[in-house]
Amino acid sequence: MKELLRTNDPTVIAYASALLDGEEIDSFQMDVHMSVLEGSIGILPRRLMVRDEDLDRARIVLRDNDIAVDD
């Protein structure tokens, strides 16, 4: 799996996951439990992961919807 997105904003993760689901791209959220443990401070980012073969297509989907992703 490859990291597609890293953010402290849970709404961005939820929106990105919904967009990927709509395109039938499987994704997995990492560090969710760690960010819950730290409370609402927002210092620990969550990561959104996708399969290696879906990475390029997932980047295109997020960029088309104005979500910044790293190359």
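Tutor: This is a predicted model, and I would begin with strand β3, residues 46–50, where five of the five residues are buried, so the strand is largely enclosed by the rest of the structure.

Student: Which sense does β1 pair with β3 in, and over how many bridges?

Tutor: Strand β1, residues 2–7, pairs with β3 in the antiparallel sense over five bridges, and within that pairing T7 stands opposite R46.

Student: And how many bridges join β2 to β3?

Tutor: Strand β2, residues 27–30, is joined to β3 by four bridges, and these two strands also run antiparallel, with Q29 standing opposite L48 of β3.

Student: Switching to R59, is that arginine buried or exposed?

Tutor: R59, which sits in helix α3, residues 55–64, has a relative accessibility of 15%, under the 20% cut-off, and therefore counts as buried.

Student: What does R59 touch?

Tutor: Leaving aside residues up to four places away in sequence, R59 touches L4, V69, D70 and D71.

Student: Which residues make the nonpolar surface patch?

Tutor: M34, I43 and L44 make a nonpolar surface patch of about 280 Å². Of these, I43 is found in the loop between α2 and β3, and at 56% relative accessibility I43 counts as exposed.

Definitions and conventions: Residues are numbered from 1 along each chain as its sequence is written. This is a predicted model: local features need pLDDT of at least 70, side-chain atom pairs count only at pLDDT 80 or more; totals for chains, interfaces and linings use all residues. Side-chain values use heavy atoms; hydrogens and water are left out. Buried means under 20% relative accessible area, exposed over 50%, partly exposed in between (1.4 Å probe, protein chains only). Two strands pair if DSSP finds at least two bridges between them. Contact means heavy atoms within 4.5 Å. Patches are made of residues with over 30% relative accessible area and no salt bridge: like charges are joined within 9 Å, nonpolar side chains (Val, Leu, Ile, Met, Phe, Trp, Tyr) within 5 Å. Accessible areas come from the Shrake-Rupley method with a 1.4 Å probe; for residues, only the protein chains shown count as cover. A salt bridge is a side-chain nitrogen of Lys or Arg within 4 Å of a carboxyl oxygen of Asp or Glu.
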